[in-house]
Amino acid sequence: MIKRLFKSLKPTHLFSIVLISFLIFQSEDREFHLFILLLFFTLIFLETLWSQNTSNIVFANRNVKTIVKSFSDFIFSNQLTLQLKQEKFKSIFDKSSDAYFILDSKFRINVYNDKVTTFFGQLKEVLFNEWISRNSPDSQPYGGESKKLFKAMVNSVQRQGEIRFEWEFKGKSGDQIPTEVSIITLPISETVFYFVVVRNVLNQKKIEDELRKNLEREKELNEMRSKFISMASHEFKTPLATILANLELVELKLEKQGVSLDQFGIQKYVQRMENESTRLNILMDEVLQLGKIEAGRTPYSPDLIHIEKFITDYLNEYIDKTHTTREIQLNFDIKCDSFWLDTDLIHHVFDNLMSNAIKYSNDEVIVNVKVDESSFLFEVIDKGLGIPLNEFSQLFESFFRASNTNHIPGTGLGLVIAKEFVEIHGGVIVCESEENKGSTFRVAIPSK
């Protein structure tokens, strides 16, 4: 303290001390002057303390001002951020195309947006349940009283935390408004709120109704077309059968009389009539079959069959039936003897793939069969015309004929029907082909 006191002495202080000390030694009344000197030192000490405390107070005051300013800036910036967020939320809340409510834990309405009054008119109630009751019909379109149904919905959202359901309201003009209502639980701190969204789905319902009507109309047209195809096919098949039968009778009668068609020079014409009638008969069969597929009336009755025997017997029958002299190479890779297949449908698939392979190529046809517990796979490979790359996407379309096959008879329906029959089994049919090099058709059917 003494050291700090001497450090704080000024030149004027030193002069005063020297003067008072001289007076003490010169004066007879030394006690008085000594008192003056002590008083002077006391005043200097108090001055020193005062100046130090004053500087500390100023410094402290400056620190307080800095802290207060920083705190004020912080509060202001956070208030501004909060205000911007509130304005953004209010903009979204009010400009939404849906009606919004925020309810407290007792389902009292705390906040709602402008769309509530736009759809339903002025809001008078405090309790959301009362508002629902006033703006809903007595019962909902799908059955049930509105009050009981909504009470059940409230119980569900309290258990699950979230629920969505369809609800019909009465608009402010008295018209019915179909809506989709979502109620979401919002636990904030220790308080529970509910956020309710009421979405007007009137336009959506109109579109759905229009689509439903169009689908019904399309279904009726498909049924009419299927019936017409079926009737037309049967009506065509009868005269075709009659034509073929009469041609055979003419040939038989002439043979009995010892006369041949060549004598009259008409053998090629009769043969052409038979060929075209047979072709038309095949077309009618395929059109009739396609009609059944489109109507969903194709019978499907799978049986557990022995694969190797089934394929071998089929190929022998096919060769006898078509009188083909083409070499057919058959390869088996069988790890499971039996498989569930509808033999009638698979016969048709094989008929189409085999006839195409023979019809569009001049070399041998390779048939590979592979069976295990999970799938039945087979492929038919030819080295014939192949399919042009730019026409490949149309391969399984009705009445499609590749541009390089115009000189070869065909209906353009065989592959379409084969694909449908494979898909009825739950399988797929794919093709790999290169023009002038041949085609490979693969069929894969999963186990039942």
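Q: Which residues in helix 11 meet residues in helix 12?
A: In this predicted model, Leu345, His348, Val349, Asn352, Leu353 and Asn356 are the helix 11 side of the contact. They meet Gly414, Leu415, Ile417, Ala418, Phe421, Val422 and Ile424 in helix 12. By class, the contact has nine nonpolar and four polar residues, with no charged ones.

Q: What describes the packing of two helices?
A: Two values are used: the angle between the axes and the distance between the axes. For helix 11 and helix 12, the axes come within 9 Å and cross at roughly 145 degrees. The crossing is left-handed.

Q: Which helix gives the most to the lining of the largest pocket?
A: Start with the pocket itself, whose volume is about 1,300 Å³. Its lining has 41 residues, and Glu286, Asn352, Ser355, Asn356 and Lys359 are the closest to its centre. Two or more lining residues come from each of helix 9 (267-294), helix 10 (307-322), helix 11 (343-359), helix 12 (414-424) and strand 12 (438-446). Helix 11 gives the most, with nine residues.

Q: How many residues of that lining are nonpolar, polar and charged?
A: The lining divides into 16 nonpolar, 15 polar and 10 charged residues.

Q: What describes a pair of aromatic rings, and how many aromatic pairs are found here?
A: A pair is described by the distance of the ring centres and the angle of the planes. Over the whole structure, a search finds 17 aromatic pairs.

Q: Which residues form one aromatic cluster?
A: Phe101, Phe119, Phe120, Phe128, Trp131, Phe150, Phe165, Trp167 and Phe169 form one.

Technical notes. Residues are numbered from 1 along each chain as its sequence is written. This is a predicted model: local features need pLDDT of at least 70, side-chain atom pairs count only at pLDDT 80 or more; totals for chains, interfaces and linings use all residues. Side-chain values use heavy atoms; hydrogens and water are left out. On a 1 Å grid over the protein atoms alone, a cavity is a set of points where a 1.4 Å probe fits but cannot get out, and a pocket is an open set with protein on both sides within 12 Å along at least five of seven lines; lining residues have an atom within 4 Å of a point. Grid points are joined across faces, edges and corners, and a volume is the space filled by probe spheres set on the points. Helices (H or I, at least four residues) and strands (E, at least two) are DSSP runs, numbered from the N terminus. Ala, Val, Leu, Ile, Met, Phe, Trp, Tyr, Cys and Pro count as nonpolar, Asp, Glu, Lys and Arg as charged, and the others, Gly among them, as polar. Axes are lines fitted to C-alpha atoms, for helices over the stretch in contact, and angles run from 0 to 180 degrees between N-to-C directions. A crossing is left-handed if the near helix is turned anticlockwise from the far one by less than a right angle, and right-handed if clockwise. Contact means heavy atoms within 4.5 Å. Rings of Phe, Tyr and Trp (its six-membered ring) pair if their centres lie within 6.5 Å; planes under 30 degrees apart count as stacked, over 60 as edge-to-face and the rest as tilted.
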